[in-house]
Number of protein chains: 2
Amino acid sequence: MKFLADIDIMPLKGLLDPQGKAVGYSLPSIGIHNVGDVRIGKHMTLEIEAADEAEAKATAETACRKLLANLIMESFEIRVRSI
Amino acid sequence: MKFLADIDIMPLKGLLDPQGKAVGYSLPSIGIHNVGDVRIGKHMTLEIEAADEAEAKATAETACRKLLANLIMESFEIRVRSI
């Protein structure tokens, strides 16, 4: 079966996120004044061939831990759905 | 009320995503052979002060259209939840 894993990789809370800060400071100049904290990270989608959802999720988690995320500075979140 | 908008900004399907391709080619070298297409984009979270969910979503959409996304090459998806 085919699954699609949606992965969000974000800078850890408590770490400075300069990209997010830059966007936050720019929003008032386009007329948006009701936004507070902005954080920016990466979003990835992986098409995974697996027997079931648990196996697909395990594959995505291995990929995050070994390659995609820097666990010292980033956290990740995985959502898997069948396609 | 406070809302958190989760925004995914991804390269349009059909456009080459070299970053995703690079990750896709690297996965076999860490022992992952069951992943097909990989696409990489941005994930952003915005803390929005708004009267209701619809207003928060409208704010996030304006931010995407005017600043965050390049609509010629990217598409965006917004999920809003109250916090």
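This is a predicted model: local features need pLDDT of at least 70, side-chain atom pairs count only at pLDDT 80 or more; totals for chains, interfaces and linings use all residues.

Trainee: How far apart are the closest N and O atoms of B:Lys2 and B:Glu47?

Mentor: B:Lys2 lies in strand S1 (residues 2-11) of chain B and B:Glu47 in strand S2 (residues 35-49), so the pair ties together parts that are 45 residues apart in sequence; strands (E, at least two residues) and helices (H or I, at least four) are DSSP runs numbered from the N terminus. B:Lys2 is partly exposed at 41% relative accessible area, and B:Glu47 is partly exposed at 23%, where buried means under 20%, exposed over 50% and partly exposed in between, with a 1.4 Å probe and protein chains only. The two residues form a salt bridge, and the distance between their closest N and O atoms is 3.2 Å.

Trainee: Is B:Asp8, the salt-bridge partner of B:Arg79, buried or exposed?

Mentor: The closest N and O atoms of B:Arg79 and B:Asp8 are 3.2 Å apart, and the pair links strand S3 (residues 74-82) with strand S1 of chain B, 71 residues apart. B:Arg79 is partly exposed, with a relative accessible area of 31%. For B:Asp8 the relative accessibility is 4%, and the residue therefore counts as buried.

Trainee: How many salt bridges does the rule find across the interface of chain B and chain A?

Mentor: A search of the whole structure finds 12 salt bridges over all chains, among them the one between A:Lys2 and A:Glu47, with closest N and O atoms 3.3 Å apart. For the interface of chain B and chain A, however, the number found is zero.

Trainee: Which three residues supply 22% of the area that chain B buries against chain A?

Mentor: The contact, meaning heavy atoms within 4.5 Å, takes 31 residues from each of chain B and chain A. About 2,600 Å² is buried between the chains, 62% of it from carbon and sulfur atoms, where buried area is the accessible area (1.4 Å probe) that two parts lose on being put together, summed over both. The three residues that supply more of chain B's share than any other three are B:Ile30, B:Asn34 and B:His43.

Trainee: What kind of axis relates the two copies?

Mentor: Copies are superposed by least squares on the C-alpha atoms of residues with pLDDT of at least 70 in both. A rotation of 180° with 0.0 Å of shift along its axis places chain B on chain A, with an RMSD of 0.0 Å. The two copies are thus related as by a two-fold rotation axis.

Trainee: Where is A:Ile72 found?

Mentor: A:Ile72 is exposed, with a relative accessible area of 72%. In chain A, its place is the loop between helix H2 (53-68) and strand S3 (74-82).

Key:
Residues are numbered from 1 along each chain as its sequence is written. Chains are lettered from A and ligands numbered from 1 in the order in which they are written. Side-chain values use heavy atoms; hydrogens and water are left out. A salt bridge is a side-chain nitrogen of Lys or Arg within 4 Å of a carboxyl oxygen of Asp or Glu.
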